[in-house]
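Work through the exercises below with the sequence and the structure in view. Each task is followed by a stepwise solution.

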Amino acid sequence: MVDLRSKSARMGVAILATGFFVWYVCSNRMSASLYHLASPEAWWLSRSAGTLVAMPFCLAMQRLLRDDAWRRGADWACASIQAACLIVVAIHDVSPAVAFVLVACFEFGSLWMMLRWSERYIDTDPRTLALSVIVAYALIAVEKSVSVLSPELAIVSVLSLLPFLSAAMLVFHRDEASAPNTEAPFYTKATLPSLWRVAAAIALFFFIWSLINVMLKVRTGYFSFGDQANPALVMLAQALLLAFCAFSYWWLFVVRQRLDVSAIWRLAFVVIAFSLS
């Protein structure tokens, strides 16, 4: 079992949390900017469509760039692309067609960084990874609380620097910064067919989550960005998220002192069932 009290383990947690935190807040900001450009005529303008366009190019680049030096260069290039797209879409009055090109470029950079970080996550001890996710969500709650009370131009300017922070953390990450995952892989050729249950659970969770998200925005005016934000609701949501992070840490690392993924999923479905009711 990994000793998360050691300095190297804490450093690993901080680095891994940074990767998830940067991906989430930058993607959330791009989604927020697209709301201002949404219209019935531009129904095709979405991050999902941009991802479908960018994915083949990103996968091709992953196969072509085998040398680590070239991959590190691609990290900084993709960080620059993400930063530029965030600024242009958020500040400039662009047409839907130009916005779609920018979104596709942003998703290309985002997918590349996700692939790069996934290499770190796969080789990480599950307890270290779980704590990293908890820390990342706590940082997300703080960022959203600050964003809703700050001018949008200032927030976009700061967020445009975060992709470079993510690329820097990839450079500084070392195997000794986080304990390697020494457990035998659960999914092998023999057990791989059972993975469909996990995929179905994830798909169902995010489908229901999307419905709740839309209903909140339509019925309560809950937006976590721009001049449409409801500060009271945003701050309440982030307070609940921080409380949930604290509870998750207490339950996983103080009470049970072991990671039970099935228990986490059961709790998640209880929460969304309560929300739907």
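The model is predicted, so local features need pLDDT of at least 70, side-chain atom pairs count only at pLDDT 80 or more, and totals for chains, interfaces and linings use all residues. Residues are numbered from 1 along each chain as its sequence is written, and side-chain values use heavy atoms, leaving out hydrogens and water.

**Exercise 1.** Determine how α1 and α7 are oriented to each other, and which kinds of residue form their contact.

Step 1. Helices are DSSP runs of H or I with at least four residues, numbered from the N terminus. The chain has 10 helices and 0 strands.

Step 2. α1 spans residues 7-35 and α7 residues 162-172; their axes (lines fitted to C-alpha atoms over the stretch in contact) lie 9 Å apart at an angle of about 155 degrees.

Step 3. Angles over 145 degrees count as roughly antiparallel, and therefore α1 and α7 are roughly antiparallel.

Step 4. In the contact (heavy atoms within 4.5 Å), α1 supplies I15, T18, G19, F21, V22, V25 and C26, while α7 supplies L162, P163, L165, S166, M169 and F172.

Step 5. These residues divide into 10 nonpolar, 3 polar and no charged, with Gly counted as polar and Cys and Pro as nonpolar.

**Exercise 2.** Place L153 in the chain and decide: is L153 buried or exposed?

Step 1. L153 belongs to helix α6, residues 152-159.

Step 2. Buried means under 20% relative accessible area and exposed over 50%, with a 1.4 Å probe. At 53%, L153 is exposed.

Step 3. The C-alpha atom of L153 is 7.4 Å from that of I91, which is 62 residues away along the chain.

Conventions: Helix = DSSP H or I, 4+ residues; strand = E, 2+ residues; numbered from the N terminus. Axes fitted to C-alpha atoms, helices over the stretch in contact; angles between N-to-C directions. Parallel < 35°, antiparallel > 145°, perpendicular 65-115°, else oblique.
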